[in-house]
Amino acid sequence: MNSLKMSFSERAKTSSHPLTQRLLAFMDAKQTNLALSADVTSSKELLRYAEEIGPEICLLKTHIDILHDFDFSVVKRLRELADKHQFILFEDRKFADIGHTVSHQYQGGVYRIADWAELINAHPLPGPGIIEGLKKIGLLKNNGLLLIAQMSSKGNLMNSEYTQQCIAMAHAHKDFVIGFITQEKLLNDPGYIHMTPGIQIAEGKDQLGQQYVTPAMAIRDRGNDVIIVGRGILSAPNPVEAAKKYKQLGWEAFQSRLK
Ligand code: S5P
């Protein structure tokens, strides 16, 4: 069956990964395929957005290392808000080193990412060892991994051969890799989730190479599942209203592809 035509709850049944099942269930129940990229530098702001925008999203993406006032109580509170509002926590750490090193970066250090972020991402560039290093830590906790198969930024080096190798690496670790960061749907397996950044209401770009497409282009035309929105929401005059708008646009685009 064409996975583009399936509801998220139907797709949940095709995956044995508890995180995939939970994410797809949230999406279906809350009728949202919106992820907030909460790229802010103060923990107060981060927690405020999680509380206020939490009801609109299926997933909250952090760059925890850009907080100027991090301490572990912030992620404890974030976890409480994720459970209260039913969204997944995704730390956008973009691991990119050998397996041994990433296992420490994931489990330890100041951030102890594996303890609170059920979802992380990695560049497959170093080879399968990076997945093995992360999986060693994450699998026992029922965490999951997204492989970065394509990027939104202009001039990035990920050609189609790289993307294909990334898909092959995902298949070899289907117990831990739950999907991709990508600009387009990569394969028809309903168990993989395609998440896409570089989204704003209108097409465009920023001053540093970021390129934007609209929610409809990303979801309806290119077959992605989740839109990841940062400044489109955070820089709006009213971020909560903006989040509601993106939620509506993302969901309408998803509905239109079911027809
Ligand atoms: O290809 C990518 C992959 C990612 S994860 N392009 C991206 O922009 N991202 C992330 O998505 C980026 O690190 C940032 O946190 C977010 C986009 O933010 P926006 O403000 O441009 O919407």
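**Exercises on helix packing and a ligand site**

Helix α5 (residues 99–107) packs against helix α6 (residues 129–138) at an angle of about 35°, and their axes are 7 Å apart. The structure you are looking at is a predicted model. Let's work through it together.

**Exercise 1.** Describe how α5 and α6 meet, starting with the handedness of their crossing.

*Solution.* 
- Step 1: Take the handedness. α5 passes α6 in a right-handed crossing.
- Step 2: Find the residues that touch. On the α5 side they are Gly99, Val102, Ser103, Tyr106 and Gln107, and they meet Gly129, Ile130, Gly133, Leu134, Lys136, Ile137 and Gly138 in α6.
- Step 3: Sort these residues by class. The contact of α5 with α6 has 5 nonpolar, 6 polar and 1 charged residues.

**Exercise 2.** Decide how α3 is oriented relative to α4.

*Solution.* 
- Step 1: Look up the geometry. The axes of α3 and helix α4 (residues 72–85) come within 9 Å and cross at roughly 10°.
- Step 2: Apply the cut-off. Angles under 35 degrees count as roughly parallel, so α3 is roughly parallel to α4.
- Step 3: List the partners. Ser43, Leu46, Leu47, Ala50 and Glu51 in α3 meet Val74, Arg77, Leu78, Leu81, Lys84 and His85 in α4.
- Step 4: Count the classes. This contact of α3 with α4 has 6 nonpolar, 2 polar and 3 charged residues.

**Exercise 3.** Which residues come nearest to the ligand, and how far is a polar side-chain atom of Lys61 from an oxygen atom of the ligand?

*Solution.* 
- Step 1: Survey the surroundings. There are 14 residues around the ligand, and Asp39, Lys61, Ser152, Tyr212 and Arg231 come nearest.
- Step 2: Start with Lys61. One of its polar side-chain atoms lies 2.7 Å from an oxygen atom of the ligand.
- Step 3: Turn to Gln210. An N or O atom in the side chain of Gln210 is 2.8 Å from an oxygen atom of the ligand.
- Step 4: Finish with Asp92. A polar side-chain atom of Asp92 lies 3.5 Å from an oxygen atom of the ligand.

Definitions and conventions:
Residues numbered from 1 in each chain as written. Predicted model: local features only at pLDDT ≥ 70, side-chain atom pairs only at ≥ 80, totals over all residues. Heavy atoms only, no water. Near = heavy atom within 4 Å. Polar contact = N/O pair within 3.5 Å; in protein donor to acceptor, adjacent residues only side chain to side chain. Axes fitted to C-alpha atoms, helices over the stretch in contact; angles between N-to-C directions. Helix = DSSP H or I, 4+ residues; strand = E, 2+ residues; numbered from the N terminus. Parallel < 35°, antiparallel > 145°, perpendicular 65-115°, else oblique. Contact = heavy atoms within 4.5 Å. Nonpolar A, V, L, I, M, F, W, Y, C, P; charged D, E, K, R; others polar. Left-handed = near helix turned anticlockwise from the far one by under 90°.
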